[in-house]
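Try each task before reading its solution.

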Amino acid sequence: MGHTLTEQKHFKTIKEMKATYFMAAAMTMASCGSDEAANEVQDTPVEARISAGVDSQKATDTRAIDQTWSGNESIGVMVISSTSGMADLYKNVKYDITSQKGTSANFSPATAGQGIVFQNTDETVTFAAYCPYQASAAANELPGTAGKITGAATQDQTTQAKQEAFDYLFASGATASKGSPSVTFTGVDYAFKHKMACLILILKTSVADGFTAEQVKDGIYTLSGLKHTGTFDVTNGTAEATGAVVSDWNITANYHTDAPNIADGRTYSMILYPQNLSGTGAALAFNANIGGQNYQNTDLINPNLEAGKSYTYTITMKKTGLEISGCTIAPWEVGEAGKDGDAIMK
């Protein structure tokens, strides 16, 4: 039996209503699923990604060879500003270098899954970091005493690797967030900077009245008047000399580079704790023993060794004595001019 025209229109209206209802229900379910997914993404922890550069000014080939990381570094990373309590959780998290390019390198947590994690979507977090890493009991504890460690002694500098053990670096101020989790310690303001001082001695010989290249090569060289022990504060990057002054530090076997012709120079680059040697009676005593004869200067090598600066002295060894040309203070940073003079034969 057929339906009247009025009945057909009624059934069509019911079908349209059902279709509209199911479409609305489907949209509501999709919307709920989308909100749940968004909430799930928002609640998912995001791990910080660490990259770092060494300040492009260099005084020696430790830590940054031609301004690049050497490739085996571990750094300690800490949160220094956070509203969600991250600063209490992350005070000394170890990150190992994973890849490098130029002055910048990427770092990953030393222990997988134990890196710094963002939880709060809205906050911007501020970070600091230092190198080389110093172990602590846990990632939420500072090493040493409130972050101040007893630094490595600087007397053994026979290899670059040994120098790197006390070539302390520090970086601070880099920011990141959950939405932008890359922590980049790069650029003028945030790159790692040297916190020790560097003393560079260039030994040369005079063509007219000096020694042969072999005599210079076989010489014995000592330096007196430096403190070789100190502390390093990982929270602010302050390195400080402590302990007693050391006499007759034999630097002969220290890491050095020779010019193609040794007569043109042997260079010793030494990493030291900052210390002021510019005061009265504070100069270093340099002694060269060549062929059994001592040549000494006691008053012209007198730098104020400041953090992040390198101090270069050229010492020309003559049979009549030592001629000191210096000091040139260069980046790391530029500083005061030096003195020239001749040393008497002892």
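**Exercise 1.** Decide whether F118 is buried or exposed.

*Solution.* The model is predicted, so every value is computed from predicted atoms. Take the relative accessible area of F118: 1%. Buried means under 20%. F118 is therefore buried.

**Exercise 2.** Place F118 in the fold, then find which residues surround it.

*Solution.* Start with the element. F118 sits in strand β6, which covers residues 117-118. Next, set aside the neighbours within four places in sequence. The contacts of F118 then include P45, V46, E47 and A48. Also among them are M86, V125 and F127. A176, S177, K178 and P181 are in contact with F118 too. Now look at A48 again. A48 and F118 are 70 residues apart along the chain. Their C-alpha atoms are separated by 7.0 Å.

**Exercise 3.** Locate D167 and name the side chain with which its own side chain makes a polar contact.

*Solution.* Find the loop between α3 (160-164) and β9 (169-177); D167 lies there. Check its accessibility next. D167 has a relative accessible area of 0%, so D167 is buried. Last, follow its side chain. The partner is the side chain of H194, at 3.0 Å.

Terms used: Residues numbered from 1 in each chain as written. Predicted model: local features only at pLDDT ≥ 70, side-chain atom pairs only at ≥ 80, totals over all residues. Heavy atoms only, no water. Helix = DSSP H or I, 4+ residues; strand = E, 2+ residues; numbered from the N terminus. Buried < 20%, exposed > 50% of the residue type's maximum accessible area, 1.4 Å probe, protein only. Contact = heavy atoms within 4.5 Å. Polar contact = N/O pair within 3.5 Å; in protein donor to acceptor, adjacent residues only side chain to side chain.
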